[in-house]
Amino acid sequence: MNSNTMNSNTVNSNTVNSNTGNSRNPDRTAIPDETDVVVVGAGIAGLCAGLAAAERGARVVVIDAHEPGGRAATAERDGFRLNVGPHALYRGGHLSATLAAHGINPPGGVVAGKEVGVALDGEIRRVTLGPLGVMRNPVLRPGSRVRMAAFFARLRRLNADGLTGRSVSDWLGEEPDDLRQFVEMFVRLSSYTHAPEQFDAGAAAGQLQLALKGVRYLDGGWIRLIDALRHATEAAGATVISRAAADAITIDGASVVVRVGNHAVRARAVVVASGGPDVAARLTGRAVANRDSLTDAITANCLDLGLRCVRPIVVLGMDQPLYMSSHAPLADLAPKGCGLISLLRYLSPGELPGDPTSSRNMLRDLARSAGVADGDVSFERPLHRMVVAHGAPTAGGGGMQGRPKIDALALPGVFIAGDWVGPTGLL
């Protein structure tokens, strides 16, 4: 899912103003001197912000230091389409609702398999999910199997907000160790977050509930979704300009001024949707209120394997924070007859990514243990430190409600947007 580092829309102060006609702005679109709203960052958050403002009649300019997409970009290699790490669209999530409201329904494959491999004690064991597989679950003791069935039955009707302020470890503390590990495995899968001592249980439970509604791997990669959002944003009247990096945001009387190279754009409002809290603070010179309610950035080691054949595989680590899944041919991401597998090791907040070669070899070993022979692999692409999210809500920080608000910079007319902002939408 979502995310090279996966750091979106990195600000590059060396990018020059597109008004100069510099060749680094392929669109050669002039940045205006004045507008109603400037959105900094053309990833999902930035395009959604620009679309919402334009639909309300504002003159909107969305700028990005690179091409639109951010962590939803997609690269092509030998006919394979590679997202920035494994991505899945939550069918019941907040983004899906926004897309549906604008008639955007990206095609793809729905993940519906009931059998997964669970890596435990160095072995991969097949586990059938759902009622029929409960009493035969090979990674749980008999007593824990019964408790697992009851746990997931409660989860569907649980008021997740009632867990706010408790950590995942505290929430699962009364469960047997094997069941606790089993549930934490799915917490990682649904949130990408490996921080049970810090991660807010209300946020974790809410994301688990969304995951139960299913996910979709998108045909052609997430850039197709970005293209659709950009089209909708421009159709609403906004202008999207690539290769235009914001250097600073200041207040001048009743205007907010965005400096792009040698050019200054005056606006009534600015939305910073690029990077995380550190980028927002650097652009504005103001600290983000409630920054300490979040963990450090959520990161992971990632490895994509382009296969010469199809290998339908899903493996989750129970005693290690590991993930492996076949994204093609479930989604149209590979040439006909070929497969695409994404592997990932979740890192704890603040954990260093380790040696690149060692991390890659560990993930290759996981693939081998799941039956992917070296001869099956036509190429590999490691992403040593993938930024999945710019911070997870902590129990001590008040969960989702404690995250920085859109006006957390305390600057008139300056707002923030992203996967670390506001009380809703974890990813």
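**Helix packing in close view**

Modeller: In helix H1, the residues Ile44, Leu47, Cys48, Gly50 and Leu51 meet Leu225, Ile226, Leu229, Arg230, Ala232 and Thr233 of helix H7. Sorted by type, the residues of this contact of H1 with H7 comprise eight nonpolar, two polar and one charged. The model under discussion is a predicted one.

The geometry of this pair can be stated with two values. Two packed helices are described by the angle between their axes and by the distance between the axes. H1 spans residues 44-55 and H7 spans residues 223-235; they pack at an angle of about 20°, and their axes lie 9 Å apart. Angles under 35 degrees count as roughly parallel, and H1 is therefore roughly parallel to H7. The crossing of H1 and H7 is left-handed.

The residues of H2 (94-101) that are buried include Leu95, Ser96 and Leu99. These residues lie on the same side of H2, because the arc they cover around the axis is only 100°. The face of H2 turned away from that buried side carries Ala100 and Ala101, both of which are exposed. After H2 comes Gly103, whose phi is positive, near 70°.

Helix H3 (residues 142-157) and H5 pack at an angle of about 40°, with 10 Å between their axes. With that angle, H3 is oblique to H5. H3 passes H5 in a right-handed crossing. On the H3 side the contact is made by Ser144, Arg147, Met148, Phe151 and Phe152, and on the H5 side by Asp178, Leu179, Phe182, Val183 and Phe186. By type, the residues of the contact of H3 with H5 divide into seven nonpolar, one polar and two charged.

H5 (residues 177-191) also packs with helix H6 (residues 201-211), here at an angle of about 75° and with the axes 9 Å apart. Angles from 65 to 115 degrees count as roughly perpendicular, so H5 is roughly perpendicular to H6. H5 contributes Phe186, Val187, Ser190 and Ser191 to this contact, while H6 contributes Ala204, Gln207, Leu208 and Ala211. The residues of the contact of H5 with H6 divide into five nonpolar, three polar and no charged. Phe186 is named in the contact of H5 with H3 and again in the contact of H5 with H6.

The loop between H3 and helix H4 (168-171) contains Leu163. Leu163 counts as buried, because its relative accessible area is 7%, and the limit for that class is under 20%. Leaving aside its neighbours within four places in sequence, Leu163 is in contact with Leu158, Trp171, Asp200, Ala201, Gly202 and Ala205. Two of these partners, Ala201 and Ala205, have numbers that fall within H6 (residues 201-211). The C-alpha atoms of Leu163 and Leu347 are separated by 24 Å, and these two residues are 184 residues apart along the chain.

Helix H8 (residues 277-284) shows how a helix may face strands. Its buried residues pack against strand S1 (34-40), strand S11 (248-252), strand S13 (263-272) and strand S19 (414-416). Pro277, Val279, Ala280, Leu283 and Thr284 are buried in H8. They fall on the same side of H8, because they cover an arc of only 160° around the axis. H8 is followed by Gly285, which has a positive phi, near 75°.

Finally, the loop between helix H9 (356-369) and strand S18 (377-389) holds Val372. With a relative accessible area of 3%, Val372 is buried. Not counting residues up to four places away in sequence, Val372 touches Leu307, Ile313, Met324, Ile341, Ala367 and Val377. Val372 and Cys309 are 63 residues apart along the chain, and their C-alpha atoms are separated by 9.8 Å.

How values were computed
Residues numbered from 1 in each chain as written. Predicted model: local features only at pLDDT ≥ 70, side-chain atom pairs only at ≥ 80, totals over all residues. Heavy atoms only, no water. Axes fitted to C-alpha atoms, helices over the stretch in contact; angles between N-to-C directions. Helix = DSSP H or I, 4+ residues; strand = E, 2+ residues; numbered from the N terminus. Parallel < 35°, antiparallel > 145°, perpendicular 65-115°, else oblique. Left-handed = near helix turned anticlockwise from the far one by under 90°. Contact = heavy atoms within 4.5 Å. Nonpolar A, V, L, I, M, F, W, Y, C, P; charged D, E, K, R; others polar. Buried < 20%, exposed > 50% of the residue type's maximum accessible area, 1.4 Å probe, protein only. Arc of directions from axis to C-beta.
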